[in-house]
Amino acid sequence: MPKRSKSSERWLQRQRKDYFVRKAQDGGQVSRAHYKLLQIDQRFQILSARKKVLELGAAPGGWTQYLESKITRGFLIAVDPLPITRGGRCRVIEGYAGDPDVNERISELLQGQKLDLVLSDMAPNISGVRAVDQARAMDLADVAMQACEDWLDNGGDLAIKAFQGEGLDAWVADLKRQFSLVNMMKPKASRPESREVFVVARGFQGVNTALT
Ligand SMILES: C[S@@+](CC[C@H](N)C(=O)[O-])C[C@H]1O[C@@H](n2cnc3c(N)ncnc32)[C@H](O)[C@@H]1O
């Protein structure tokens, strides 16, 4: 067997010890991320049977699995360049959110309908250079915001993974101009040492023309 690098050995050890990884494996969940969405939903009740939802950054499918169990009468569109494990209740678009082709596919699927909820668990490929990774993460946050401007109904919600660092405060300040209520949350299932936080914005008020 090839020798593992120190970092992959550390990752494996952490996975073995991690409570939510074990819980996901024991409970047949696709990934520990499942519990992050569950905890966000328990706190903010963003999901219900009839919701029309766009999920950005869906692979491998932990959130998708949870969403499919909740959305029984609405619909779910899941986007990721990587393969998504899912059941029959979701339309999958393989590609990068923000790409014109992907935008076109989303618009085709929506056929003029508006969304109740935009979710993003997108994470950039990590370069290891903190400033570069933070800039990439903020670009993804902008992609999710653009999705709200394009397809979210007035009164709709956004829940998005963001990373604490340069640009986040200003981005959240912009968000507060477009939604009635904005909260930050660190679910218990999120590793304490990770800079990730979740921003939950309720009550979309439409595109803020003062910003455009
Ligand atoms: C943390 S994982 C998502 C985990 C997923 N929510 C789950 O529960 O299994 C982050 C994902 O973001 C995806 N991603 C990164 N940039 C993206 C983009 N522009 N559009 C869509 N997905 C993207 C990556 O391919 C990766 O699968």
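1. Does Gln146 count as buried, partly exposed or exposed, and how many C-beta neighbours does Gln146 have inside 10 Å? The model is a predicted one, and in it Gln146 has 14 such neighbours, so Gln146 counts as partly exposed. The residue sits in helix H6.

2. The core comes next. The largest nonpolar core has 47 residues, and Leu54, Val118, Ala144 and Leu158 are those with the most contacts inside it. Helix H6, which covers residues 130-151, supplies the largest share of this core, with 8 residues. In soluble globular proteins, nonpolar side chains tend to be buried together.

3. Leaving out residues up to four places away in sequence, Leu158 touches Val118, Ala144, Cys148, Leu152, Phe179 and Ala201. Among these, Val118 and Ala144 are also on the list of residues with the most contacts inside the core.

4. Ala159 belongs to strand S5, residues 152-163. Ala159 counts as buried because 27 C-beta neighbours fall inside 10 Å, and the cut-off for that class is 20 or more. Its contacts, again without residues up to four places away in sequence, are Ile40, Ile46, Leu119, Phe198 and Val200. For Leu119 there is also a C-alpha distance: Ala159 and Leu119 are separated by 4.9 Å, although they are 40 residues apart along the chain.

5. Ala162 is placed in strand S5 too. With 23 C-beta neighbours inside 10 Å, Ala162 counts as buried. Setting aside neighbours within four places in sequence, Ala162 is in contact with Ala137, Ala141, Leu168, Val197 and Val199. The C-alpha atoms of Ala162 and Phe198 are separated by 5.9 Å, with the two residues 36 apart along the chain.

6. How do helices H3 and H4 pack, in terms of angle and distance between axes? H3 (residues 33-44) and H4 (residues 62-70) pack at an angle of about 45°, and their axes are 7 Å apart. H3 is therefore oblique to H4. The crossing in which H3 passes H4 is right-handed. On the H3 side the contact involves Ala33, His34, Leu37 and Leu38, and these meet Gly62, Trp63, Gln65 and Tyr66 in H4. Sorted by class, the contact has 5 nonpolar residues, 3 polar residues and no charged residues.

7. The bond from Ala59 to Pro60 is cis, with omega near 5°. Pro60 is placed in the loop between strand S1 (52-56) and H4.

8. Where are Gln45 and Gln111 found? Gln45 is in the loop between H3 and S1, whereas Gln111 is in the loop between helix H5 (100-110) and strand S4 (115-120). Phi is near 50° for Gln45, a positive value in a residue other than glycine. For Gln111, phi is near 45°, again a positive value in a residue other than glycine. Gln45 counts as exposed because it has 9 C-beta neighbours inside 10 Å. Gln111 has 6 C-beta neighbours inside 10 Å, so Gln111 counts as exposed.

Technical notes. Residues are numbered from 1 along each chain as its sequence is written. This is a predicted model: local features need pLDDT of at least 70, side-chain atom pairs count only at pLDDT 80 or more; totals for chains, interfaces and linings use all residues. A nonpolar core is a set of buried Ala, Val, Leu, Ile, Met, Phe, Trp, Tyr and Cys residues joined through C-beta atoms within 7 Å. A residue is buried if 20 or more other C-beta atoms lie within 10 Å of its own, exposed if 12 or fewer, and partly exposed in between; C-beta atoms are placed from the backbone. Helices (H or I, at least four residues) and strands (E, at least two) are DSSP runs, numbered from the N terminus. Two residues are in contact if their C-beta atoms, placed from the backbone, lie within 7 Å. Axes are lines fitted to C-alpha atoms, for helices over the stretch in contact, and angles run from 0 to 180 degrees between N-to-C directions. Angles under 35 degrees count as roughly parallel, over 145 as roughly antiparallel, 65 to 115 as roughly perpendicular and the rest as oblique. A crossing is left-handed if the near helix is turned anticlockwise from the far one by less than a right angle, and right-handed if clockwise. Ala, Val, Leu, Ile, Met, Phe, Trp, Tyr, Cys and Pro count as nonpolar, Asp, Glu, Lys and Arg as charged, and the others, Gly among them, as polar.
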